[in-house]
Structures are given as C-alpha cells and as structure tokens.
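The report below walks through selected local features of the structure shown here, moving from backbone details to a sheet and then to aromatic contacts.

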Amino acid sequence: MDLDFTPAEDVFRAEVRNWLASHVPAVPLPSLETAEGFAAHREWERTLFADRWSVVSWPEAFGGRGSSPLEWLIFEEEYYRAGAPGRVSQNGINLLAPTLFEHGTDEQRARVLPPMASGEVVWAQAWSEPEAGSDLASLRSTAVRTAEGWRISGQKTWSSRAAFADRAFGLFRSDPEADRPHRGLTYLMFPLDADGVTVRPIGRLDGKPAFAELFLDDVFVPDEDVIGEPGQGWRVAMSTTGNERGLTLRSPGRFTAAADRLTALWRSAADPCDTALRDRVADAVIGARAYQLFTYAHTSRIAAGGSIGAESSLNKVYWSELDVALHETALDLLGPYGELSDEAAEAPAHGRWAEGHTFSLAGPIYAGTNEIQRDIIAERLLGLPKGRR
Amino acid sequence: MMRFLLDAEQREFARALDGMLGSAGTPRVVRSWASGDPGPGRAVWARLAEAGVFALAVPEEHEGLGPLPVELTVAFGELGRHVVPGPLAETAAAGALLGRLGGDVARAWLPQLASGKAVASLCVLSPGGSPYALDADAADAVFVVEGDTVRLAESHGPVQPSADPARRLARPLGGVVLEEGPQVAAAAAHAADVAALVTAAQALGLGRTLLERTVEYVRRRTQFGVAVGSFQAVKHRLADTLVALEFAQPLVYAAALALTADDPAAGREVAAAKVAAGEAAHGAARTALQLHGALGYTGELDLSLWIRKARPLRDAWGTPAACRARVLA
C-alpha cells in the first residue's frame, strides 16, 4: 500500500503547474452562467485545447494526451489549485464523451469529440422532463422512426448550460409499447438550433440562466446521431451515471483547493477564540482529504481490474454535502460580506465564495438527488429491501 | 504505480483475525473483563499475540515485527469489529514509546510485549489529557509519561468505571523514573500518534459491526406488515452511516502510511483520521441504538457492548475538538 507518485507523474504535475501559472487569467472570468461569461469560458477551452490540456485523459487522436486516471487527478488538483476557470464543456467531456467511448461508433467519435475538446461545440444534457425527474424512466418525450431517420418531440427541462450551448444529448421513448418503463428508450444527439427546437432559459436561484427548458416539435435527427442500439438507451445512459455521480464530474482537486483557500481565509479573517468556526474549517479540510484519498483508492481498484458501480452514489452524497458545508463555512467567515452577491463590486475574492455557494446548493439535487442516492446505497450496497419511494 | 489498497497478505491477515475472533465469543469475554476477571480476555490476548498483533508495534531488534503501522490498523480494525477488551492501543503505543527510547527499558519490556506475555498500559499526562491508565488493574506494566520523564507506575488508584464497561480506568500512582530528557517527550508524542491511529482503526471496526448488525436487524424486524428496513427514514440513516465509515477508512490508511514514512505531516493525518473514524463510529452507535428501538437501550443486548464503546473511543487519545485543532495547526 502506498500513496507515491512516480517520477514521471511528478514531471507531469510540474508541467501542468507551469502551464497554468502562465495561462490562468489573473482576474476570474465573468460568471459562466451569463452570455458574456459563457463566451469567455468557451475561449478559455480553446486555450486549453491548443496546448492539449482540455481533455488530458482522452487518446491523442481526439486532442488528449492518453493520460492515466491518476494523471487526470493530478491535472485536476493543479487546475483548481491554480484557481483556473470552471469548465463550460464539462457536460460533454464528462458525460457524453465516456458514453461515446463505450457505445459510440468510430465515425461518431471522430466527428463529435475533437470539436467538443476545443470548445467549438458545447453540449447540454437533456434527460429530465417536467414529469420525469428522480423517476427518470417515466420520461415521455418521443423519438419516432421515419424513412430518413428519427423525429423527436416533447419537453426536456433543467438542461444545464442549454441556454447557450450548441447541441444536446438525451433519452427519448422510441417504443411506447415496451413492457417496462426503462425499455424502449433511445439515446440521441441533436442540435439546439434545429428547426422545431425552442430553448427557454431558466434562471437558477440567483437568476442566472444556468439551465433551460427545451421544447421539441418534430425535430429531425439522422441515424448517425443515435448512440448505441435504438431501444437500448437506458443501458447506454446508465453507463455514464457512474461518471456523473462518481469521480469525473466533481474531482477531488476542486475540494482540496477550496479547502486550502478556506484555511487561508480562516487564518486571515477568523477570531482565534472562535473554535466553533475552527472546527468547521477543520471538517472541510478533513472532508476534502478524505474524498481525495477515497478517489486514489478507487483509481487503484480500477487499475487492479475492479470497477465502480453503486459505490458512485457514496461519492455523490459525500462531495455534494462537503461542497455545501465548505461554502457555508466560508460565508460565515466573511461575516457581513458573506451576503454580498458575486456581482457585487465589493464581493470578497471577486465573488468566488458567493458564486461557489450558489453553485454548491444545486449539488445535492442534480445527477440524481441525494435522496435517490441514499436509496441506492441502502438497497444495492447494504441490501435493504425496496420500499415505496 | 500508486496502489492505495491493502495487498493480498494484509487482507488475509484481517480474514484470519476475523475468523479467530469470531469463534472466540468476545461478548462473553467482555462481560468477564468488565466484572474484573481478565482471565478469558488474557486468553484471547495470547492468541492475538500468537498471530503477531502485538509484535507489529515492536521493532525487529527487540523481537518484534515492526514497526508496521498499516498492519497495525488492519489488526485493530478486527479488534474493533469483535469488541476485544483490554489496553490494546496502550500496549501498541507502549511498544512505540519504548522502541523509540531503546536502552535497558526497551530490552526489558519489548520482547514481552511482542510475545503477549506482558500487557501494558500507558498514560501520557498533559493538560486536557486523560489522567487515567486504561485497565491498569489488568496490566503487567503501566508506563506514565509526564513532560520529559517516563516512569513505571508502582500501583494504581481505585478503578473508575467507564461508560464502556470493558474500560476500567485508574490513576497510576508512584514509581521510579526510568528515563528523563527531551527524547522522552518526542517518543511519547510519537506513541500518542500510534495510539490515536490504532484507536481510529479500532473505532472503524466497531462502526462496521454496528452497521452490519443493524442492517441485519432492520431486515428482520417487521412493523405495519413490512420490514422496517424498507422505510426511507431508516434506509437513509443507514446509508449515511456507511458513507461516514467508507470515507474515514482511507484517512486511517493514509495516516498509517505517514507514520510509516515518519512524514512531518503525520500528526495532522493521524488527527484527521481520528476525527473522521471516531465520529463515524459514534454516529454508527447512535444509529444502531435508534434503529434497534428499546431493544438497543438494553445492556442485555450484546450489541450494547459495541454501542457503549463508541463514544469513549471517539474521545480516547485525542478528542474530536483537540484533533480538529491539530488538523489546522
């Protein structure tokens, strides 16, 4: 048992750190959830891509470096340590790309992945519907077979980034006669500017259009944009939920970096006699370290031939609650400045804590609510009987 | 390539201890120990020694196998799972203390600690620390560190019962100074880290059994015509218990690795592990108590031996508050 990095991994870390030191913008970009910020973040993706840092774990053919999972973790640690911008392409990179690597065709990978890596095409996830949230399998949007391909109709919602994104991927009911709700679904990709698509941005808690509703009226999708076999969409989609809940969507580097910043804030701002706050800062530091180590153990298990299944629900509950607790603590440390919005000129740290706090509040909800995750943990990991939801 | 996982030998070591302790009937052993009869407990101790558990903290030059902090945490996980009584962490820490000090006292005691012939307790007197030596009445040697001195206690005060019936606390009294100097304080600090580490591992093992037994219980227990384990309020509490235990475990291994390497950050890693493991086990005990209902609130239930140990282990060798302060020190 060890926690040692190889000399090559140390070199990789130094290379990442050096590149970030000379490229990360000194002043944070405008919020990702605004038109101006979205464009700035897309530009940043191009900068990352130009030097092959946008998708380090992908094969070189698609713009990556073929990095190992551990190198990817190192990259993430350095990325967030450097205070680099949020990733506007993360839904595509972390959710769609793994699906294409597993279920896509060579043609799809060659066509979709490089422009995703460069930020030229930004992807949104179109899974949830007004009547299908936690109970995703009850979704009703349809995909109807035609001579030339498919026609999709219905309504998708809570589609992150869709207000400004270029394309979306999601699940559609292609066989209304199937005997079970999760059968007869098909996984499709479609452009958000196609005929029949109406995008209505939705303001999140602070009003920024972080997600959107999608109204789909007989939108044409060619066969080449079906991922996996028609009717097998549920199986295809579920292969990425482990990624979403597990390590790739919220890598430990985010939290170790945020915990370091929180510690610095505490040292500079806190009353040393306030041990209640001190304990919460310590818990954030411990929590971030625990998540980092848990992930190293996961990576080791995968390298030894293991896989992650329902265990990814443990991750989801853990990081999402850690993120909220960490940011709540930061706001408390900021005292009267804690309530300033990230748009306030006098917001501490360019509004980073305020933005991070707002963002963290969504964590226990998206990617499967924490209530659903706890059901999965109880039923699949602890073996408790299924009950009414 | 990094491999942050137990190896096959370490896993086999855990399995062997689990099998041996599982057949030892430890709840009965604990009840004897609690009543002042350490006989059955010493018999288990001898079998643990035979399996090499106490030699893991003792350096090779003193007839030990160690120091091997990772293996110690593996062993203490099993000791916790099976709620083994006695000054376990204290004997391991005494091994670490004397191993660092060396000299005559090490030659006199370490081979005996490694072989299980002698059981030791340890008390590190410090502001805010415990004034008691655990199980001093059952120990063959009680080492007392105070500032720059270490002494071998001559006797002990009356036993003060603990919330955990298996923990018998007493103030060490008198004795001659064995060694004096700054090296004593340094060795004692290292010993306290070892004690905190293995206590964290022991707490996690305790928590795992509390969770397993409670899951078994809520699967069996029916109310309103269904297993109570099918209710979300019950499930979610158990899910949170598993989350806490699972995320504490790697902190314990990382702290063991830091101690192995004599890493300057080892104290912080140990403190983080102690907070997380202690809180996870304490939470598991509260969950076990709650989900067993009135049954959980009885001393007759064997699981009460685990429930009652969780809080003392959470506080022993570093309260959560003290450890959190240390994480940020």
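In this predicted model, B:Glu63 is placed in the loop between α3 and α4 of chain B. Its phi is near 70°, a positive value in a residue other than glycine, and B:Glu63 counts as exposed because its relative accessible area of 60% is over the 50% cut-off. The loop between α3 (39-50) and α4 (69-81) of chain B also holds B:Pro67, and the peptide bond that leads from B:Gly66 to B:Pro67 is cis, with omega near 0°.

Another positive phi in a residue other than glycine belongs to B:Asp135, where the value is near 55°. B:Asp135 is found in the loop between β2 (133-134) and β3 of chain B. Is B:Asp135 buried or exposed? With a relative accessible area of 0%, B:Asp135 is buried.

Chain B also contains an open sheet of 4 strands, which follow one another in the order β1-β3-β4-β9 with mixed pairing. The edges are formed by β1 (120-125) and β9 (176-180) of chain B, each of which pairs on one side only, and neighbouring strands of this sheet are turned by 25° against each other on average, direction ignored. Between β1(B) and β3(B) the pairing is parallel and comprises 6 bridges, with B:Leu122 standing opposite B:Phe143 in β3(B). Strand β1(B) is mostly covered, since 5 of its 6 residues are buried. Strand β4 (residues 149-152) of chain B, by contrast, runs antiparallel to β9(B) and is joined to it by 4 bridges; here B:Arg151 stands opposite B:Val177 in β9(B).

Helix α6 (residues 103-115) of chain B packs on this sheet, where it touches β1, β3 (141-146), β4 and β9 of chain B, and its direction makes about 130° with that of β3(B). Helix α7 (residues 182-220) of chain B likewise packs on the sheet and touches β1, β3, β4 and β9 of chain B, with a direction that makes about 95° with that of β9(B).

| Pair | Centre to centre | Angle between the planes | Arrangement |
|---|---|---|---|
| A:Tyr79 and A:Tyr80 | 5.2 Å | 75° | edge-to-face |
| A:Phe172 and A:Phe190 | 5.8 Å | 80° | edge-to-face |

A:Phe172 lies in strand β4 (residues 167-173) of chain A and A:Phe190 in strand β5 (residues 185-191) of chain A, so this pair ties together parts that are 18 residues apart in sequence. Both A:Phe172 and A:Phe190 are buried.

A:Tyr79 is buried, with a relative accessible area of 0%, and A:Tyr80 is buried with a value of 12%. These two tyrosines belong to a cluster linked by ring pairs, which also takes in A:Phe12, A:Trp19, A:Trp44, A:Trp53 and A:Phe75. The charged end of A:Arg87 sits over the ring of A:Tyr79, 5.7 Å from its centre. In chain B, B:Arg213 lies over the face of B:Trp306, at 4.9 Å from the ring centre.

Finally, an unreviewed UniProt entry annotates residues 6-120 of chain A as "domain: Acyl-CoA dehydrogenase/oxidase N-terminal". In the model this span is 63% helix and 0% strand, and its end C-alpha atoms lie 35 Å apart.

Technical notes:
Residues are numbered from 1 along each chain as its sequence is written. Chains are lettered from A and ligands numbered from 1 in the order in which they are written. This is a predicted model: local features need pLDDT of at least 70, side-chain atom pairs count only at pLDDT 80 or more; totals for chains, interfaces and linings use all residues. Side-chain values use heavy atoms; hydrogens and water are left out. UniProt positions are given in the numbering used here, feature names are shortened, and annotations may be inferred rather than shown by experiment. Helices (H or I, at least four residues) and strands (E, at least two) are DSSP runs, numbered from the N terminus. Two strands pair if DSSP finds at least two bridges between them. Axes are lines fitted to C-alpha atoms, for helices over the stretch in contact, and angles run from 0 to 180 degrees between N-to-C directions. Contact means heavy atoms within 4.5 Å. Buried means under 20% relative accessible area, exposed over 50%, partly exposed in between (1.4 Å probe, protein chains only). Rings of Phe, Tyr and Trp (its six-membered ring) pair if their centres lie within 6.5 Å; planes under 30 degrees apart count as stacked, over 60 as edge-to-face and the rest as tilted. A charge sits over a ring if NZ of Lys or CZ of Arg is within 6 Å of the ring centre and within 35 degrees of the ring normal.
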